[in-house]
Amino acid sequence: MFLNENIKDQIKPVALSVADVRKSFGKVDVLKGIDLKIDAGERVALMGPSGSGKSTLLNCICGIEPVDHGSIHVGGQELSGLKRGELEKVRRENMGYVFQSFHLLPTLNAFENVEFAAQLVGMPKEHRLARVTDLLEQVGLSHRMDHLPSALSGGERQRVAIARALVHHPRLVLADEPTGSLDTESGSQVLKLLKSLSEELEVALLLVTHDHESTRICDRVITMKDGALLAG
Amino acid sequence: MGHYFLLLGIVAVGVGAFNGIRQASRSASANFGLFNQAVSGQSDFLIESPVQRLLEEDLAKLTRLSKEPDWHLVPVIEGSVTAVKNGSEDKKQLRLIGLDLLALGNLPTLAKEGLKFSDEDANWYDWLGSKNEVWVGQKTADLLEVKQGDSISFLASGRLVKMKIRMILNDPDGNLPDDLVLADLPTVQTLLSRPGELNRVEVVIDQVNRREDTAYLNDIENRLARELPQNLSLAPTQNRAADRAAMTAAFRLNLTILSLIAILVGAYLILQALDAAVVRRRSEIATLRSLGVDGSILFTTYVLEALVLGLFGSVAGVGVGQVLAFGAVGMLSDTVNALYFATSVEALNLTSIDVIVGLVLGIVFSLLAGWLPARDATQTPPAQVLARGDWSPGFSWLRSPVIGLGLLLLGGIALLFPPFVMEAGSNMPVGGFLAAGCWILGAALLSGHVLVLLAGWVRPFCSGPVFRLASSRLRDGSSRHRLAVAGLVVAVSMVTGMFQMIDSFRGTIEEWFDVRFQADLYISESGVTGAGTVNGIDPRLMDELLKDPNIKYADVMRICYAKPPRGVTVLAGVDMKHWSDQARQIWLKAPGSLQAVDGAEPALVSETFARRFGVMAGGVVELGTPDGTKKISPFGIFCDYGNEFGMAAISSDIWSDWTGSDRPINVSLYLRDRAKLLETRDRLRLAYPGLDVRNERELRDVALGIFEQTFKATDALSFIGLAVAFAGLLLGLLSIFDESTQTWQTLKHLGFSTHGFILAAGLEGAGIGVAAWVAGAITGLALGWLLVFVINVQSFGWTLLWTVPVESILWFGLLLTVVGFVSGMIAAIYWNFRR
Ligand SMILES: Nc1ncnc2c1ncn2[C@@H]1O[C@H](COP(=O)(O)OP(=O)(O)O)[C@@H](O)[C@H]1O
Ligand SMILES: [Mg+2]
């Protein structure tokens, strides 16, 4: 196995590797053999027309949708064959997720929303409080920590969501059109944050996006069409 | 589709419970008219004395009337006997009716239809002298396992008598009630030790084909009334059935209210279920909205759905009601037997009014239940707005405390209403019931605030993600959480209130027993328990019994009905000296603390009596007795939980003067040698098989047995209420989870475990249970107070000692918490499974 890898791969461990993944819903083949590898700390933009299967791929990677064929490794761990509980464990420890429509827990305030993800992985309290405060400061929301999501603007919510996706030191952050519901100004702010934080924390990022602006924060752009990745 | 059948079922059960109870209680307590219909055709008028007792001299005064060709007079005596099944211990209480067979033979209907009273006798006059012979219907014969010519043993007025079955009445349509025994008038008078007495005289018009002719009937009524002696009254037959129904009015009112509550809870379930449908289709509705579909169309659609549900559900409910009525009628008639008078379970009939009432109730409540979800659907924002978060706009009014507080206040004001006086003289505490309704509803509306408050207190102590999630969701108190709590609060408060009333009642009665029943042995006519039955013991038998050498003192009691200005009450003849000085009572006003008015007979009266006739502070009450109207005046008031008609006790001599009778109803014995108590008891039992001889312990068991019987229906209904409330909780939780789909999706992406989800759901359910318990128990305490100090005092006239069953309430809280927890988990598992 080592023989086939190049030197760069040996230095930087792989955050995500997807090999020949296929998925169909009934008769519709949505993913038709996807191969993808993302290195630790690498940022990859995934583009493609809507309906091409981008969200489905993300769901497969985080283990919410089972695949029909192929294998997915996250942080060196093969997902297929894991039990539901083990999948949940991989998901909460190794991945972060950013949604288009934020999806903060509506009954928890900003601080608690971020803290929640840290709690799920059992981060000790002292460390956790410091880290959440720190991250919220980095996303520029230290003055909004005790606000409920409903009292925050779209951009602010997405920044909380980013903090939440990163708080537990994941290897991989999946972001499904994170700027899709935002105005240009907040959108670029969110992208800037994603870039700087993933750089600083050495987190791999798979960013689904529609606009070319967004791809600028990424190291690499891949395109999907009709359930397959286009070469290049 | 299955969903709709469930909803239909809910409507059907709600309507069915109401209809079933209505029918059952009606047939269990008002089957008076039956024997007339079955035996004599229908009688048209009744001649009665105000105290339900006619004497021979009254009959003599009717001689002239009896000679008129336009009508026939049928003297009737009625009482209860207990049949002892041959060769067994089985006893059955029967209604014994004595008829003047001679008069019966003249009846045109009988002559026409030829109801046979004998096989071998060619002529009606052969019936005469049918001493010691009885007639029973086919059903009674089957029940007692007897045939024509068999002998049958009765316990009557304290004696065991054997009668011969002259004939089993041909009853192909099954019209005769299964507790009916007919005999010749003198036979019954002897059996009941009521020589020369009648209950009433029935009047049957000769030209029965003119029954529809009101003018003719009015004319007959006028002619009869003109000739009637002063102390007797004339009434159309239907009134008598109404009288009897009125006697049990309070009891039936109680049941009606309980069954209405069943419908209300059913409506709540429907509301929850329809609402769940709206929540599940929320995004579809939102899409329709954003496509510009008008809110009123959505509203109409949902209301129509509720209407269809209500219609089909209540049609099914009428059927369900029939089934429930069959089940309930036996239980209810036992209660009526125990409390009021001998009755049987005939005539379970479905009238068109039942059908209409059932349909109207079902539809109205379904529409009410459908209205809120329909409104909620209408207020669903268009899809683009909906995407932002969790929604339940139509119920946002649940968040305002104003309506709830207003209702609590209104309830308080309602307490100022005076009770409404009903036909038979019993009181209906309108204000009390109104207050109960307002308080329950108000508390239900405010319970959401209790939930939020409690969750707010608990929240700082929740550290783990699961606890924190659950507590934050409860603290947020979505309208749907509030709705779920509200439904439970209604059930919890009612059940806690009922618990308290029953406990208070039981406690009071036990206390009363401890004080009141100090004698060694208690003797009464065997088999008869109802407070409305005034048969009694043969005086000669009593004299003989009292000769027993071990008796030191006998407190003999005699009772009869007396006619106050309104309704009916009980007049007792007792040893006044013993009652004032020796007999222990719980005295509300000790003898002598009130001054009896000069010129009126001094009396000791029960609290119920004093309250009903407004003599708590002394005064005079006029009572109609067989000897005319008499005045009595209380000089003491005692507590009595024996009957709700009230009782006035006067000296035995005066009682006998007024009633022309000296037939005792019961006697309490004080023994010389108490060590020989059991021996004496057994001796008396052996010598007098027709009497019940009990010591204090046994009497207490019987009384408490009657007590438990009375509350059986209440218990059953509370249980149904609770079960329905829990079903509502489950539905409510499902709605809550449906409404929070986005939250669960987020949690799933965060790697929140399924176990965590189920646990959090359980905690949410438990939180709802605890909040409902806190709000419900507080409301329940208020209801308990209301039941004990307002409703009971006003409707029955007795004050109970308020007992709060703290332990039961705590256990109930634990139960609610556990059930809430389990319901939450079940709902979560089901929800998870459905995804
Ligand atoms: N749960 C599902 N069941 C059936 N079809 C699905 C499901 N999820 C996605 N699809 C289909 O898969 C295709 C790809 O969808 P998606 O991955 O959401 O596309 P994208 O995110 O690229 O817009 C679409 O045609 C969609 O209809
Ligand atoms: Mg997508």
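I count a polar contact as a pair of N or O atoms within 3.5 Å; within protein, one must be able to donate a hydrogen and the other to accept it, and residues adjacent in sequence count only if both atoms are side-chain atoms. This is a predicted model: local features need pLDDT of at least 70, side-chain atom pairs count only at pLDDT 80 or more, and totals for chains, interfaces and linings use all residues. Residues are numbered from 1 along each chain as its sequence is written, chains are lettered from A and ligands numbered from 1 in the order in which they are written, and side-chain values use heavy atoms, with hydrogens and water left out.

**Ligand 1**

I started with the backbone. An oxygen atom of ligand 1 sits 3.3 Å from a polar backbone atom of Ser52(A). For Gly53(A) the corresponding distance is 3.0 Å. For a backbone N or O atom of Lys54(A) I read 2.9 Å to a ligand oxygen. Alone, ligand 1 exposes 560 Å², and the protein buries 56% of that (Shrake-Rupley method, 1.4 Å probe; for residues, only the protein chains shown count as cover).

Next I listed the shell, taking residues with a heavy atom within 4 Å. Its members include Phe25(A), Val30(A), Pro49(A) and Thr56(A). By class I get three nonpolar, six polar and one charged residues. Here Ala, Val, Leu, Ile, Met, Phe, Trp, Tyr, Cys and Pro are nonpolar, Asp, Glu, Lys and Arg charged, and the others, Gly among them, polar. Helix α2 (residues 54–61) of chain A gives the most, three residues. Helices (H or I, at least four residues) and strands (E, at least two) are DSSP runs, numbered from the N terminus.

**Sheet in chain A**

I then traced an open sheet of four strands, in the order β2-β1-β4-β5, with antiparallel pairing. Strands pair if DSSP finds at least two bridges between them. β2 (28–39) and β5 (77–78) of chain A are at the edges with a single partner strand each, so one side of each has no neighbour in the sheet.

Nine bridges join β1 (residues 14–25) of chain A to β2(A). Phe25(A) faces Val28(A) across this pair. The two strands form a hairpin with two residues between them, and Gly26(A) in the turn has a positive phi of about 65°. On to β4 (residues 69–74) of chain A: five bridges join β4(A) to β1(A), with Val18(A) opposite Ile72(A).
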